[in-house]
Every structure is written in structure tokens, then in C-alpha cells.
Amino acid sequence: MKRFKNYLMYMAVLAMLMTACSKDEVDSIPTDDPEMATLNFGAVLNDLLEDSQTRQEMTLPDCSELVPSYVHVVLSGTTDVGSYEEPLEVGVNPTPGDYDDDGTEEYFTVESSDLELVPGPYSLDYFAVYDENDVLIWLAPYGESEYTTWVGSALPMDFDLGAGTKKYVDVEVLCFDDRTVNEFGYLFFDLHPTQAIEFCIFGNYCDDNGRHYPAEYSVNIWSGDDNTGDVIHSDVRNTVEMDANGDYSGTTVCVALPDVGGEDTVDNYYVEITLLNSDAYGDVTEEVIRSFTLTDVQVRSLFDGEDALDYWHFREGVGCATDTPPLTDNGTPPVIDVDTNIYIYFDSSGSMDATLSPLQEMRNTLLKDALIALYDNDEDAYDDKVKVISVPDERTFNMLNIQGETPSGNVIAMVFQDEAEYIYHPTSGPWDQNSPRTATYDTDITTLRSRLNSFPANYYRGIIFQVETTGHEAFGIFKSLIGYVENGTGNYSDSFGLSDRTEFGYNYEVTPSASASYYADLIVDALEDLGYEL
């Protein structure tokens with residue numbers, strides 16, 4: 001093993017090759033069953049120093065001196081063997097030796113009945129090597145990741161098995177480290193299907209005039225509560241490019257976070273987001289704009305069932321309502337006074353009827369207590385201006401449009417809604433941001449935007465409360481719809497969305513049929529987020 005240690009010192013890279021054969025040829029040895037083929041894998045350290053000059057800009061994980069004990073394998077083809085969730089485990093001979101007299105020691109896998117296969121074409125889709133303590137130490141790179149340039153043949157690897165043969169297949173691997181898991185070309189979930197959670201970030205940049213653009217940014221994530229922990233992801237960037245319609249579109253940064261503790265232990269992740277220059281909005285000061293600690297519980301709260309995931313969303317810039325209170329030309333924030341109309345629209349189509357009573361109770365008691373001073377302590381003025389309005393037609397943006405009214409004073413329109421089935425979206429999938437919009441949606445969003453342009457400064461603010469009713473696919477589709485409108489994605493960008501408007505606030509996953517105090521706190525917080533001083 002002396003040679004092995006020397007390679008660890010100088011190379012930081014390993015390669016698994018066949019036993020008793022070269023890289024250009026594979027031995028076929030008869031097996032006991034002439035109708036079947038038997039497959040084995042061999043391993044040998046390979047000197048890649050000759051390539052170091054052309055690959056010196058890449059950084060590979062450090063190698064350990066752990067000894068291989070078994071491999072995980074996934075094969076597809078004539079007979080599928082294993083899966084990413086449950087790969088086939090095959091033992092490794094614990095005693096390496098120089099079996100082909102080339103001066104280098106080799107490992108090889110032991111016989112396995114699971115690898116006695118029907119002859120035919122196969123593809124090796126996954127190959128990982130573990131030590132006796134179940135630590136992943138070597139991994140074969142996959143696909144088109146940068147790490148594939150370090151090996152002669154990356155996965156997937158195609159080969160044929162002939163009847164009555166025993167075949168050794170060479171597989172080249174690199175040293176593995178969890179911090180570089182994404183560089184190997186697999187999804188983190190493929191490698192650790194029960195030990196990872198996905199986290200997605202989307203951002204907007206707002207210029208001084210309040211115009212919104214998809215933000216260009218990079219993300220660094222460490223384990224723990226600050227940037228002294230282990231690096232999980234480094235300098236992960238999104239892209240912002242002009243689409244076929246001449247509009248700038250931004251991608252989302254989605255990363256896998258190791259859920260080491262599982263459900264019973266809280267894992268912390270420290271996140272830093274850096275705003276970058278972009279062709280969309282020009283040059284900015286490239287600096288960290290967000291730094292915060294997340295728990296695995298908070299990340300999982302963004303999951304919407306098994307197939308959907310909400311984004312963690314940020315807005316940066318003086319024109320963003322959620323970061324800086326919207327101002328008028330003379331620099332004054334919006335106000336609630338005796339002339340302010342607050343219309344709380346309630347979706348009364350039937351699916352959230354139990355929410356109406358606590359909303360009405362809140363309006364008559366707790367919200368009145370919180371706002372009455374702003375109405376000169378005049379209960380009649382409050383009762384006249386602050387209303388809960390039941391609307392059964394599910395036309396969210398018509399409600400935000402105050403149903404075409406233009407009351408005197410100023411207006412805050414709030415909508416509590418859980419779905420807009422058939423009105424704005426279908427009852428079930430497949431459906432996403434690229435699906436066709438409905439004619440009613442186009443009419444309502446166009447009318448609302450036209451009206452917004454006609455209102456004087458600080459006359460209008462709107463808030464959408466997406467109520468998290470469960471049990472029907474349409475509820476999740478509505479939630480996605482509001483996200484598309486807020487972020488201006490797909491068919492809900494530009495004039496068919498609201499990402500460029502600073503008048504709106506968005507609240508997701510509102511609990512249905514909750515207490516009056518819950519809804520009062522929710523509304524007060526939403527008003528403060530829009531810049532009102534209460």
C-alpha cells in the first residue's frame with residue numbers, strides 16, 4: 001500500500017480500472033452457466049499527473065486513506081440492476097495486489113449472484129465505492145460535469161455481455177467529498193435520497209424608478225450559523241438572458257442541502273447572497289445583500305407536496321416594496337387615515353367558508369383596536385371604511401381592482417383566496433407558468449394594470465393572501481399562479497404579471513379557518529411590510 005499512499009500525496013485523484021486487463025481491452029472468461037454472463041469490476045490506482053498541466057485550474061476533493069470495502073452499482077439494459085434509491089451492493093476483495101504485473105496494486109469486486117445476468121447490452125449508470133464504515137470515498141463522475149475531464153470514460157458507460165462469459169469492466173473514479181457532490185454530475189438526491197432537501201432562491205432587482213428585473217446573483221452556503229462552518233455550496237450562480245420575445249428572464253438557483261439529522265434533529269445552514277452586474281439592469285455594487293441562517297424545518301416548509309417547491313424570494317433595490325417602503329415623489333410613505341378605504345375581499349365560492357367568520361370577527365374587534373386611532377378614534381368612520389366583502393366569482397385581480405370602483409380618499413385592497421378553478425387555471429395538471437393563460441385572466445390583469453397607471457401616488461395598495469386549503473390539486477395550482485404573477489415568470493411576465501409593480505404584497509400559506517387574532521396579526525404585518533406606520 002506504499003504506492004497507494006504516495007499517489008494520495010501527489011495526485012488527489014483515483015481511478016478504478018479492470019483487473020488483469022488494460023484500458024483498451026477486456027477479458028472474457030467462461031462462466032459455469034453457458035446461458036448467462038457474469039460481471040465483475042476491478043480497481044487499480046492510475047497516475048494522471050501527465051494531465052495536470054491542462055487541468056491545473058480545476059480543484060478536486062482531497063483523498064483519504066480509507067480502504068474500499070464495497071461498491072454501489074446501478075445498471076440498466078437487458079436486465080435492470082439496482083436503482084439510485086436502492087443500488088446493488090457488491091463486496092470488494094480486501095487484499096489488493098499487482099495482478100497484471102504493471103507495478104500498481106489493484107482492487108476487484110467479489111463474485112455476486114446478482115451480477116449473473118442475461119446476455120445483452122447494458123449501461124453502467126452509477127458506481128460508488130465505500131469503506132467498511134459506509135463512508136463514500138470514491139465516485140465515478142457522470143454526464144458532462146467538469147469532473148469528467150479527469151477520467152477517460154465517464155458514466156453512463158455502455159458495454160455488451162456475451163453468453164457464457166465472465167466480464168471485467170473498468171471504471172474510473174475520483175475521490176469524493178460531500179462539499180463537491182454537485183460537481184460529479186448527479187443530483188444530490190440520487191446519491192442520498194433520504195438525506196437531502198432542496199432549496200431554491202429567486203430574486204428581483206428594482207431600479208430607482210421602481211422597474212423590476214430578474215436579479216443576477218451568486219449563492220454561498222455553509223453548515224452551521226455562520227461562514228466558518230463546512231462549505232456546502234460555493235459561488236452557485238443563476239443566469240439572466242434575453243428570451244425570444246426580447247424580455248430578460250432569470251433562472252432560479254436550486255441547491256441540495258444535506259439533512260444530516262433527519263426529522264428529529266435540526267440542521268442549520270448559513271446563506272449569503274451576492275448581487276451581480278447584469279445586462280438586464282447594468283452595473284451595481286457587487287456585494288453581499290442577504291446573509292441569514294435557515295433550519296431544515298424552514299426549508300421543508302417551502303415544499304408543496306412531493307412534486308412542487310416554493311422559492312425563497314428576495315427583492316433588492318430602492319424600488320422594491322418589500323425591502324424599502326414605497327415612497328411618493330416628495331419622499332413620504334403611504335398612510336392610513338380617516339379617508340382610507342380597506343376592502344378585505346373574501347373568496348366565498350365555498351371551499352373556504354369556515355374562514356369568513358373569524359375574518360368578520362377580526363374586522364369588528366382586533367383589527368379595529370389596531371387601527372381605530374388612525375381613524376381619529378371614530379368607530380363610525382372605521383365601520384364605514386373597513387369592510388369584509390364576500391365575492392364568489394374567484395376573479396382575484398378584479399377584486400384587487402376594487403371591482404372597478406374608485407372610492408374617494410385612498411384604498412387598500414386585500415384578497416383572501418385559495419383557488420380560481422377554471423377562471424384563471426385548470427382544476428388539475430399538467431400546468432405551469434408556460435401554459436396558456438385564460439381569457440378572463442388576460443382581461444382582469446390588463447384592466448388592473450391600466451387602472452394602476454391612472455391612480456395618483458400612494459392612492460392604492462393591494463395584498464394577496466393565498467389561503468392554504470388542502471385536498472384538491474387546484475389549490476396548489478393557484479398558489480403557483482400567484483408566484484408566477486409576483487415573479488413575472490413564463491406567460492405571466494411583463495404586462496401579464498405584476499413583477500414590475502411595487503404596490504403589491506404577497507402572503508403565502510395562510511391558514512384557513514384560523515383564529516381572529518391570527519388574521520389580525522397577518523394583516524397588520526402585511527400593512528407594515530408595504531410601508532404603513534401603524
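**Labels and their grounds**

Reply: Let us begin with Pro-156, which is placed in the loop between β8 (136–139) and β9 (157–161). The model is a predicted one.

Me: What makes the peptide bond from Leu-155 to Pro-156 cis?

Reply: Its omega is near 0°, and the bond from Leu-155 to Pro-156 is accordingly cis. The bond from Gly-429 to Pro-430 is also cis, with omega near 0°. Pro-430 is located in the loop between β26 and α8. As background, most peptide bonds are trans.

Me: What is noted about phi of Tyr-422?

Reply: Phi of Tyr-422 is near 75°, which is a positive value in a residue other than glycine. As a rule, most residues other than glycine have a negative phi. Tyr-422 sits in the loop between β26 and α8. Asn-377, in the loop between α5 and α6, also has a positive phi, near 55°.

Me: Why are Tyr-422 and Asn-377 called exposed?

Reply: The label requires a relative accessible area over 50%. Tyr-422 has 61% and therefore counts as exposed; Asn-377 has 56% and therefore counts as exposed. Pro-456, in the loop between α8 and β27, has 54%, so the label exposed applies to Pro-456 as well.

Me: How do you know that Asp-444 and Arg-395 form a salt bridge?

Reply: The criterion is a side-chain nitrogen of Lys or Arg within 4 Å of a carboxyl oxygen of Asp or Glu. For Asp-444 and Arg-395 the N to O distance is 2.7 Å, so the pair qualifies as a salt bridge. Asp-444 belongs to helix α8 (residues 439–454) and Arg-395 to the loop between β25 (386–391) and α7 (396–400); the two are 49 residues apart, and the pair links distant parts of the chain.

Me: Are these two partners, Asp-444 and Arg-395, buried or partly exposed?

Reply: Buried means under 20% relative accessible area, and partly exposed lies between that and 50%. Asp-444 has 3% and is therefore buried, whereas Arg-395 has 26% and is therefore partly exposed.

Me: What makes the contact of Arg-437 and Asp-442 a salt bridge?

Reply: Their side chains meet at 2.6 Å, N to O, and the limit is 4 Å, so the contact is a salt bridge. Arg-437, at 25% relative accessibility, is partly exposed, and Asp-442, at 22%, is partly exposed.

Me: Why does the contact of Glu-468 with Lys-479 count as a salt bridge?

Reply: The closest N and O atoms are 3.4 Å apart; this is within 4 Å, so the pair counts. Glu-468 lies in the loop between β27 (460–467) and α9 (473–487) and Lys-479 in helix α9, so the bridge ties together parts eleven residues apart in sequence. Glu-468 is partly exposed at 23%, while Lys-479 is buried at 2%.

Me: How many salt bridges does a search of the whole structure find?

Reply: The search finds ten. In general, side chains of opposite charge can pair when their charged atoms come close.

Me: What makes a set of residues a nonpolar core, and which have the most contacts inside the largest one?

Reply: Such a core consists of buried nonpolar residues such as Ile, Met, Leu and Phe, joined through side-chain atoms within 4.5 Å. The largest has 32 residues, and those with the most contacts inside it are Ile-342, Met-362, Leu-367, Met-414, Phe-416, Phe-465 and Ile-523. β24 (340–347), α4 (356–364), α5, β26 (410–417), β27 and α10 (516–529) each supply at least two residues, and α10 gives the most, with eight.

Me: Why is Ile-477 called buried?

Reply: Ile-477, in helix α9, has 7% relative accessibility, and the label requires under 20%, so Ile-477 counts as buried. The C-alpha atoms of Ile-477 and Pro-430 are separated by 9.6 Å, although the two are 47 residues apart along the chain.

Methods:
Residues numbered from 1 in each chain as written. Predicted model: local features only at pLDDT ≥ 70, side-chain atom pairs only at ≥ 80, totals over all residues. Heavy atoms only, no water. Helix = DSSP H or I, 4+ residues; strand = E, 2+ residues; numbered from the N terminus. Buried < 20%, exposed > 50% of the residue type's maximum accessible area, 1.4 Å probe, protein only.
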